[in-house]
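Here is a short briefing to read alongside the model. Take a look at the structure first, and then we can walk through a few of its residues together.

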Amino acid sequence: MEAVLARPSAKSYQFLSFIRKRSDAVAEISRDLNREVKRISPKYFYDERGSRLFEQITATEDYYVTRAENEILVERAQEIADLIGEDCALIEPGCGNCSKVQYLLSALRPTLYMPIDISTPPLQKAARHLVNRFPWLNCTAINADFCDLSFVPTLIGEQRRVVFYPGSTIGNFEPADAVNFLKAVRDIVGSEGGLLIGVDLEKNAATLDRAYNDREGITADFNLNVLHHLNRIAGSSFSVDSFEHLAFYDSRKNRVEMHLRSIADQTVEFAGSTLNFSAGETIHTENSYKYSTESFSALAAEAGFIRAQTWYDSKHLFSMHYFVADDTYNSNQ
């Protein structure tokens, strides 16, 4: 992929695009929809409307994640900055609207901030807002699928690197995939950098059910919106009204699952093929794994990280960890 560079008038801001060709995205979605258990990657939630809907979800009464994490960032910003140290390049994969990093920037004052997101207009809007709010900020915004961070070292050079990964997005990965992603992060930050990451804690099923089935129905709209996005990407024929939102907690796997359930027997045209759905069949759209501090620390250790510090919100619903490199780690083990 070639980078597409856009430089506005502000000297402190640049925008680079590494978005894949639409045909590659269609091929990926088609493979997932033709599996025995149909799936859609959660990254396809985040078209422009999906990004707006997610912001609305974070403001609902029952969705505790954002409030709990913001509480930590507001109250512990200076402590976190002191632990991270001066003169780092701060990289935020899946930055969304960049709302959380604002709590850290004044305390940390990184030499570079690199927000990375797949949704173009929200990323551009958020990055320009930050540059206007923090005139000293050197910002390079990257429009890309953050599952591939191979471009980061070349763009940043020799600066010490810290990855900021809030929102418990790590919970969207299967545990083995989470380890692989964290290994990629470990390679990027090296022995001198670190990882500041938000992780949702294990809790009772009732709290989780309310969080992922909000009374306003915004999460349902967010989940169903992915079908609108697929119709635009691939010219497919999903009838959104023929599916319904389904979210539940699986206590055996410590995860919330989100699905789209077919209301009736139906066929959908997608990328030149026909997909058959029986009534009640689902498309698995997202997992959200919940961890204890101990279980997540063990997961991170598999990727070569040692937990240096952990912070919790006042209700102990959410955790934020700072990890540093384990110098004894062997990537070939």
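**Ser 297 and its partners**

The side chains of Ser 297 and Arg 307 are joined by a polar contact of 2.8 Å; such a contact is a pair of N or O atoms within 3.5 Å, where within protein one must be able to donate a hydrogen and the other to accept it, and residues adjacent in sequence count only if both atoms are side-chain atoms. This is a predicted model, in which local features need pLDDT of at least 70 and side-chain atom pairs count only at pLDDT 80 or more, while totals for chains, interfaces and linings use all residues. Residues are numbered from 1 along each chain as its sequence is written, and side-chain values use heavy atoms, with hydrogens and water left out.

**More on Ser 297**

- Ser 297 sits in helix 10, which covers residues 293-302; helices (H or I, at least four residues) and strands (E, at least two) are DSSP runs numbered from the N terminus.
- With a relative accessible area of 15%, Ser 297 is buried (buried means under 20%, exposed over 50%, partly exposed in between, with a 1.4 Å probe and protein chains only).
- Setting aside neighbours within four places in sequence, Ser 297 is in contact (heavy atoms within 4.5 Å) with Arg 307 and Phe 323.

**Two loop residues**

- Thr 60 lies in the loop between helix 2 (48-58) and helix 3 (65-84), and Thr 60 counts as buried because its relative accessibility is 3%.
- A polar atom of the Thr 60 side chain is 2.7 Å from the backbone oxygen of Ile 57.
- Beyond its neighbours within four places in sequence, Thr 60 is in contact with Arg 67, Asp 214, Glu 216 and Ile 218.
- Cys 147 belongs to the loop between strand 5 (139-143) and helix 6 (152-156), and Cys 147 counts as partly exposed at 49% relative accessibility.
- Cys 147 and Pro 93 are 54 residues apart along the chain, and their C-alpha atoms are separated by 8.4 Å.

**The chain as a whole**

- The chain has 10 helices and 14 strands, and 54% of its 333 residues count as buried.
- Its radius of gyration, 20 Å, agrees with the value near 20 Å for a compact globule of 333 residues (taken over C-alpha atoms; the globule rule is 2.2 Å times the number of residues to the power 0.38).
- Along the principal axes, the C-alpha atoms fill a box of roughly 60 × 45 × 45 Å.
- Of the contacts between residues at least 6 apart in sequence, 69% join residues at least 24 apart.
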